[in-house]
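Trainee: I am new to this structure and would like to go through it carefully with you. Could we look at it together?

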Amino acid sequence: MSPSGSAATADPPVIEQGGRPVRAPIPSRIPLSLKLAYSAFMAVLVPVYLTHYGPTNFLYFCDIALILTLIGIWAESALLVSVCAVGLLAPQTLWVVDFVAEAAGVPLTGMTAYMFNRETSPFLRGLSLFHGWLPFLLVFLVWRLGYERRAWSVWSALAVVVLFVCFLLMPPPRPDPGLTPVNINYVWGMSDYAAQTMVPAWAWFTALVIGLPLLVWWPTHRLLIRLVPGLPAPSSITSPAASPAGSAPR
């Protein structure tokens, strides 16, 4: 069965071209309307974020995934959308839960407290609502394109490098950060206003570097393998001479 559950990813018919049998182009598995809508959103978000937050904001895992997803939907790359799915599904689900709890007046982690900061414009906070719909989009994309099993190792390697950059080079929490990205990817704790004090900073960071790949992304990886159809098996094109009795490819 194809990832989309339809004939969209079935082997395309063989056609004659220049006297040689070739496969017809594979139909797009992602609707053009979705590609255009997502691109339009990114065309707004990227310059707005660069203007208000600066380029370091794109070190956040969610923003890295936004860019990789943009490339992935146009290239219809199972690897790129799988990388984003394995890295984002669990954290973004937590974001949604924390947002609902914060809205109900029962803060959980503090990771969505910025969404209720009235000093930040409603427009900027509205753009950040992508955290709520991005995980559902990624589920749809991996279902259509298939889940690529290299995703866990690729995302884990990329994320660990980013974590070191954020911990060693980016600003730590501060009492009044404003719109400046600080404590990117929570390498100093869950709050942007003060570092956590439960354990030494190095212990918190080490827990992230080891714990995220093994305790968060690996279970997501296994769940996606179990629930999402895999990639369609590749089919090769053979010439009439290579086929028994000169028959067409099967």
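Trainee: What pLDDT does the protein average?
Mentor: This is a predicted model, in which local features need pLDDT of at least 70 and side-chain atom pairs count only at pLDDT 80 or more, while totals for chains, interfaces and linings use all residues. Residues are numbered from 1 along each chain as its sequence is written, and side-chain values use heavy atoms, with hydrogens and water left out. pLDDT is the predictor's confidence in each residue, from 0 to 100; 82% of the residues score at least 70, and the protein averages 85.

Trainee: In which element is confidence highest?
Mentor: Helices (H or I, at least four residues) and strands (E, at least two) are DSSP runs, numbered from the N terminus. Confidence is lowest in strand β1 (residues 14-17), at a mean of 59, whereas the highest value, 98, belongs to helix α6 (residues 151-169).

Trainee: Where is N183 found, and is N183 buried or exposed?
Mentor: N183 is found in the loop between α6 and α7, and the phi of N183 is near 50°, a positive value in a residue other than glycine. Most residues other than glycine have a negative phi. Buried means under 20% relative accessible area, exposed over 50%, and partly exposed in between (1.4 Å probe, protein chains only). Because N183 has 0% relative accessibility, N183 counts as buried.

Trainee: What is the relative accessible area of Y186?
Mentor: Y186 is found in the loop between α6 and α7, with a positive phi near 60°. Y186 is partly exposed, with a relative accessible area of 22%.
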